[in-house]
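Visitor: Could you walk me through this protein chain, one question at a time?

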Amino acid sequence: MSIPAKRTPLSERRLLKIARPIIIIVALIATWQLTVTLTGAPKYMLPTPVDVWHTLITRYAVLFDHARYTIAETVIGLFAGATLGALAAIPMALFTPVRFWLMPILLVSQAIPFFALAPLLVLWLGFGLASKIAMAALIIFFPVTVAFFDGLARTEPGWLDLARTMGTSRWRLLTHIRLPAALPAFASGFRVATAVAPIGAVIGEWVGSSHGLGYLMLHANARVQIDMVFACLLILCAFSITQYFIVDRVLRAALPWQPDSLTPVR
């Protein structure tokens, strides 16, 4: 009689990793339903998961039509803000005068509430995609710039000293040493930007828009269609999480020299 193979700890961890999101989602939905049941909250204040699911199914066409605008604004704004952040960090790391004058401007820009900028961007750029992309890019710009600049500024001094003794030019010092050493820091800033990118797009849609999930949420809330508001929130959450994990996978594959040294979650 053959003895069945014993499951290895590695396979158990993989099984748990696959089951984890399902367990978390089921637990959150159960908590949501339990909260509605125990509090007796009316539908116009807190709809049940079934109500929201029914809205997702029956209003799928409307939700998808608005979601594609928000997704486009977020993705374009993400890469535009990250590109601008990288282009700002490099000259700050290389040239002291640029750092001296630009860093205070960056700090001051973060003291201005984004809600105060959103109406101006809509006024200047119109009600279309441009103002929402600009809003998302502005939110993303600062974390990417600071993270990338910090990575460029904290390159291992021994590597720089060795390269200088070998007569390496300033340009090759940047492209062959500083940039590769700073890419993990840039990746961290880009991950943060990925998580907050939808905020800028939604804020822009709230201020002035005729499309997008933010626009749909605003009008649904005015009509007390809270199930529609929750449906928009679920789509935003699903998109944000999916976008984050895609970016995280791509960055891990692109930076093989910076492995994760933390113990895997069991």
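**A guided look**

Guide: Welcome! The UniProt annotation "transmembrane region", from an unreviewed entry, covers residues 21-41, 75-95, 102-127, 133-152 and 228-247. UniProt positions follow the numbering used here, feature names are shortened, and annotations may be inferred rather than shown by experiment. This is a predicted model, where local features need pLDDT of at least 70, side-chain atom pairs count only at pLDDT 80 or more, and totals for chains, interfaces and linings use all residues. Residues are numbered from 1 along each chain as its sequence is written, and side-chain values use heavy atoms, leaving out hydrogens and water.

Visitor: How far apart are the end C-alpha atoms of residues 133-152?

Guide: Helices here are DSSP runs (H or I, at least four residues), and strands are too (E, at least two), numbered from the N terminus. Residues 133-152 are 100% helix and 0% strand, and their end C-alpha atoms are 27 Å apart.

Visitor: Why is the pair of Phe79 and Phe190 tilted?

Guide: Rings of Phe, Tyr and Trp (its six-membered ring) pair if their centres lie within 6.5 Å; planes under 30 degrees apart count as stacked, over 60 as edge-to-face and the rest as tilted. By this rule there are seven aromatic pairs. The centres of Phe79 and Phe190 are 5.9 Å apart with planes at 55°, so the pair is tilted.

Visitor: Is Phe190 buried or exposed?

Guide: Buried means under 20% relative accessible area, exposed over 50%, and partly exposed in between (1.4 Å probe, protein chains only). Phe79, at 48%, counts as partly exposed. Phe190 has 7% relative accessibility, so Phe190 counts as buried.
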